[in-house]
2 protein chains.
Amino acid sequence: MSNVSGPVDPARLQDVLDGPWARVRYGHRAKLDARFLPVYGESGDEARERVTRLLTQLPTEFGMPSAYPPEYGGRSDVGGSIVATEMLAQVDLSLMVKAGVQWGLFGGAVLALGTRRHHDAHLRDIASGALLGCFAMTETGHGSDVQQLRTTCTYDPRTQTFDLHTPHEAARKDYIGNAARDGRMAVVFAQLITGGRRHGVHAWLVPIRNAQGDPPPGVTIGDAGPKGGLLGVDNGRLSFDHVRVPRDMLLDRYGQVTEDGTYSSPIESDSRRFFTMLGTLVRGRVSVGGAASAATKSALTIAVRYGDIRRQFGTPDADREVPLNDYLAHQRKLLPALATTYALHFAQAELVAALDEVHGGDGPLDEQRQRELESRAAGLKAAQTWHATRTIQMCREACGGAGYLAENRLPGLKADTDVFTTFEGDNTVLLQLVAKGLLTGYRDEFGSLDGWGRASFVAEQVRAMVLERTAARSLIERLVASVPGRDEEVAVTDRGWQLKIFEDREKHLLDGAVRRLRNGATVKKDQPFDIFNDVQDHVLKVAAAHVDRITLEAFVAGIENTADPAARALLSRVCDLYALSVIEADKGWFLEHGRFTPARSKAITAVVNGLLKELRPHLRTLVDAFAIPDSWLNCAVLREEAGRQETMAAHDAATS
Amino acid sequence: MSNVSGPVDPARLQDVLDGPWARVRYGHRAKLDARFLPVYGESGDEARERVTRLLTQLPTEFGMPSAYPPEYGGRSDVGGSIVATEMLAQVDLSLMVKAGVQWGLFGGAVLALGTRRHHDAHLRDIASGALLGCFAMTETGHGSDVQQLRTTCTYDPRTQTFDLHTPHEAARKDYIGNAARDGRMAVVFAQLITGGRRHGVHAWLVPIRNAQGDPPPGVTIGDAGPKGGLLGVDNGRLSFDHVRVPRDMLLDRYGQVTEDGTYSSPIESDSRRFFTMLGTLVRGRVSVGGAASAATKSALTIAVRYGDIRRQFGTPDADREVPLNDYLAHQRKLLPALATTYALHFAQAELVAALDEVHGGDGPLDEQRQRELESRAAGLKAAQTWHATRTIQMCREACGGAGYLAENRLPGLKADTDVFTTFEGDNTVLLQLVAKGLLTGYRDEFGSLDGWGRASFVAEQVRAMVLERTAARSLIERLVASVPGRDEEVAVTDRGWQLKIFEDREKHLLDGAVRRLRNGATVKKDQPFDIFNDVQDHVLKVAAAHVDRITLEAFVAGIENTADPAARALLSRVCDLYALSVIEADKGWFLEHGRFTPARSKAITAVVNGLLKELRPHLRTLVDAFAIPDSWLNCAVLREEAGRQETMAAHDAATS
């Protein structure tokens with residue numbers, strides 16, 4: 001534990017945060033100018049028109065979508081494309097989501113699920129924005145359990161076409177981005193039926209508008225209407241009344257149908273095939289998690305800068321009123337949230353690097369690593385989006401009435417990011433997925449995990465992820481091993497102790513969940529739903545503890561890779577605050593399980609308050625290191641408040 | 001502890017919740033029809049136009065504002081006017097806030113701060129809506145510390161007028177409801193200066209628009225522009241450039257200026273006078289707290305009804321997919337929030353009854369009781385509005401993508417209630433006010449509380465509020481006394497034990513805060529800011545624990561007054577869930593302070609999960625008892641989803 005002596009240059013910290021794709025970040029900071037900023041108070045129609053227009057400028061001006069292969073206009077830069085999305089999210093979340101729908105979901109599905117002829121026919125137009133499209137998976141009746149979609153697509157060998165059909169309203173495609181206004185094609189997910197047999201969910205490329213913008217016969221398009229945010233994205237609904245789809249429009253990488261209707265696939269199990277296809281979603285989840293953190297950084301930058309210039313209440317020992325950031329209660333709101341944002345930044349950066357490695361090469365996907373990515377992406381998407389919702393709300397409140405005015409950006413950040421907690425996978429469902437991965441190593445002890453939703457493929461695949469370390473493995477093991485047996489003698493700022501107690505909590509929770517599931521399986525053999533439902537809260541806590549651990553480990557690894565001593569010292573204190581805030585928030589659990597004494601628990605609170613005091617002078621540095629251009633903040637009160645405070649102080653001095 | 005046997009008729013529960021102003025509730029449910037519902041997707045201008053039009057219909061159709069004296073069009077029904085506000089909040093929050101600005105803040109200030117000639121001249125027109133007005137207190141630079149407003153109003157005996165002036169932009173009136181579009185007059189708060197002496201903040205009635213809607217010379221009106229919600233309220237900004245205000249426009253109940261400029265007041269201290277004037281705000285805070293809870297009930301009704309009809313994921317042991325409400329994780333989200341909503345309902349009802357008693361009579365205000373009301377209103381406003389923000393967000397997420405569509409109401413509820421946490425008093429500042437009241441009895445031990453903001457009058461006035469019980473005093477004392485000394489032997493569902501542990505936590509926290517302040521005062525004599533700032537988090541926790549206790553006591557009193565045995569039994573279990581959820585959420589504190597053993601702590605979690613199971617069959621009953629008309633919910637998915645699920649089930653059965 002070393003104190004931070006003197007001010008730290010935010011540029012040193014920024015270098016660490018910008019990481020390997022710094023070039024992408026610099027490029028966007030320089031070029032994403034005022035044209036791209038959200039317009040406050042515009043109507044839904046205006047927002048949609050504006051965002052669509054801007055979208056089509058991104059390929060030429062920013063080289064999006066950079067993840068595509070060079071032959072289709074990209075640079076095969078998977079990591080860079082995620083970082084570009086994070087940058088876009090700091091400017092306008094509608095534009096970021098619209099781009100994600102177009103290039104990530106729609107184009108990504110054509111790329112991942114289609115074969116050469118689909119790529120050659122469409123990817124260039126998709127990349128350039130000449131062909132706008134939709135990813136039509138979610139149905140009104142099935143959002144989380146997409147394996148149970150009700151839309152059918154039935155092959156007819158006589159006409160050599162598929163019959164795409166929406167049997168009832170619950171099977172209608174819903175919430176589909178690009179559908180209400182702009183999309184000309186959609187990748188439509190449906191149950192494939194041929195020769196009277198069902199082969200599970202597959203995807204087809206289906207035209208939904210002609211050049212005049214009218215839907216072809218049998219296609220009905222609806223508008224999801226005004227939403228809680230993201231006004232610039234045209235979410236809509238699609239229904240199909242026995243629409244004929246040519247055989248070659250099946251995206252047939254993972255399942256083919258011959259002219260006579262014979263089905264074949266490189267993957268035998270319908271379920272396993274489907275989850276392999278769903279693997280395409282992993283990039284979307286990594287993008288959404290990163291976008292949530294990017295928006296959180298914008299909100300924190302606004303709230304911290306406001307709290308430095310905004311003053312309220314005088315004290316007998318000062319001439320002027322006190323800046324909000326000097327109040328302990330204000331620091332208690334801002335600093336732990338900021339520390340968590342740093343921790344999640346490092347976890348996200350590590351995830352992006354891993355994604356780039358696994359997806360960036362030319363060879364076939366390493367299945368084990370892909371499964372690990374999926375689990376980590378699910379957990380970090382949940383953690384980052386919930387953190388965003390909580391933190392942006394806190395920042396809005398920390399700016400008082402100013403935080404409620406659209407001109408100060410925070411209402412838009414809040415409204416636009418809100419849906420992130422439930423789209424691209426509902427967070428609770430995603431944490432359950434993480435937990436299933438962790439429990440899989442133990443499944444022999446309590447049987448299949450099918451009692452609890454059907455996402456069993458992941459459970460079959462992911463093995464022994466517990467304590468699989470993601471980064472800085474040897475360093476972390478050395479730190480943990482160096483903690484003496486009698487924990488009470490170790491400072492709570494000892495990194496080894498922090499790592500050990502995070503790891504220990506995860507292990508203990510997992511063991512407990514396994515034990516309870518095993519007992520449940522004995523007592524309630526014929527009630528598989530009850531076996532899992534009785535421990536659902538416990539199991540979700542396992543997943544949350546797991547995500548906490550990989551986040552802390554990523555932070556530790558990030559510090560280890562930081563060369564600049566001043567930046568390193570400051571990050572180390574921020575990491576202390578993150579670790580101790582997590583421990584403090586869950587101190588009930590640690591005390592229940594005898595992990596530390598009541599006296600040590602109280603000491604943690606005192607140390608946290610001490611860290612707040614120590615980090616107070618660096619608050620501004622910590623947000624400046626996010627390097628968000630002033631113009632991107634798009635916040636009136638930051639432009640005006642400092643001048644107002646100075647004028648008032650001068651006036652007060654003159655009249656007193 | 002008695003289990004609830006069989007279904008409970010929601011009408012029995014509703015009788016309890018409707019309480020003494022049931023007639024007002026029934027009247028509004030019958031008459032607030034579709035005309036009054038929010039319109040989704042309308043523009044800001046449309047919303048303002050619509051809400052203003054509706055506002056002027058309320059006096060004739062609903063007898064608003066019922067709190068006014070009969071001679072000015074009311075019925076002196078203070079409690080009924082708050083309940084009417086709660087009803088309005090379930091229909092449209094913009095309309096509720098607009099009505100609150102017009103009759104509560106603007107008219108309320110004229111009534112409370114003015115004298116007979118102001119009343120006779122204006123109150124009838126204010127009541128009828130013929131004269132729309134503003135409450136111009138907050139300035140750009142001063143929202144929480146309104147004693148430090150910078151607008152001046154200087155008496156000039158030669159012209160016998162006041163000179164109202166905005167010296168700089170930070171002194172501009174900001175966020176003022178009714179200012180941007182509709183207000184013709186404003187009650188303007190400013191520093192009164194006469195004969196070269198300042199006498200603190202007073203209020204004047206000032207015209208801000210003529211009959212043509214134009215501001216008079218010297219008055220500048222701005223628009224606060226689009227906001228995070230409440231689009232139907234025209235918040236604006238007012239600046240005054242040496243505006244001449246006739247002497248008799250001073251609202252002079254608490255301070256008079258004679259023709260020659262001599263100042264006099266029935267209250268000597270500027271500070272004490274100001275806080276007496278601020279007492280007018282208490283009704284606004286009670287209204288906002290009640291409105292927040294009313295909106296929370298709407299959100300919970302939607303989420304619970306959705307969770308009953310929405311199904312997702314199948315299980316091997318069931319034909320159909322599982323309703324969301326059957327999942328433990330979903331129950332863990334909905335039920336504790338619902339139990340807290342019930343608890344806060346009883347606390348709010350008790351507060352409204354007390355307000356009606358203190359303010360309803362003809363005699364002078366009982367100062368001690370008024371101070372108690374102010375403290376309780378502050379605490380419950382903070383608790384109810386934070387609970388609303390958290391719970392509405394949770395409900396939005398619990399409805400997945402549907403929760404993000406405007407047509408399903410939740411985005412509007414969320415956006416409109418958001419500002420409640422910081423307006424009519426910032427919640428953190430309000431909790432500090434509560435804490436100061438609690439600490440006052442001890443102030444001899446550490447000196448004045450002025451080191452910590454200037455709201456010292458309240459601190460001077462409120463005495464010995466700790467353990468002053470608000471309701472069912474003898475019952476609660478009997479229950480607490482009956483708990484045997486060895487707590488561990490008592491069931492965690494024992495009401496006496498729950499009450500005792502709530503009370504004990506508050507006492508212990510308060511004692512600790514006093515001790516720390518006393519030590520601080522010894523060590524840091526010359527740093528009054530630091531003395532208080534070092535313990536700010538502790539002191540806020542005292543206030544929160546205090547609010548928890550009065551809330552639990554109100555719930556217990558409410559159950560005691562419930563005659564129907566089935567309703568009583570169900571409420572008793574809901575009260576258990578409330579009490580144990582609060583304890584569970586703060587179990588770290590209880591364990592740190594040896595209030596129960598780790599084993600008992602784990603038992604509490606098990607009992608909470610048992611309560612969720614027990615209350616699951618009553619979920620729908622618990623929201624039906626809120627008796628919110630279906631049309632008020634204004635939620636498309638509730639109208640449509642059940643039918644979709646049935647059609648899908650029939651189709652599945654036919655095709656399987």
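**Notebook: the contact between chain A and chain B**

I looked up the contact first: chain A gives 94 residues and chain B gives 94 residues, with contact taken as heavy atoms within 4.5 Å. This is a predicted model, in which local features need pLDDT of at least 70, side-chain atom pairs count only at pLDDT 80 or more, and totals for chains, interfaces and linings use all residues. Residues are numbered from 1 along each chain as its sequence is written, and side-chain values use heavy atoms, with hydrogens and water left out.

Next, I took the area. Chain A and chain B bury about 7600 Å² between them, 55% of it on carbon and sulfur atoms. Buried area is the accessible area (1.4 Å probe) that two parts lose on being put together, summed over both. On the side of chain A, A:Phe313, A:Tyr404 and A:Glu592 lose the most area to chain B, together 11% of what that side buries.

I note 18 salt bridges between chain A and chain B (a side-chain nitrogen of Lys or Arg within 4 Å of a carboxyl oxygen of Asp or Glu). One of them joins A:Arg150 to B:Glu321, with the closest N and O atoms 3.9 Å apart. The side of chain A that touches chain B holds 29 nonpolar, 32 polar and 33 charged residues; Asp, Glu, Lys and Arg count as charged, Ala, Val, Leu, Ile, Met, Phe, Trp, Tyr, Cys and Pro as nonpolar, and the others, Gly among them, as polar.

How values were computed:
Chains are lettered from A and ligands numbered from 1 in the order in which they are written.
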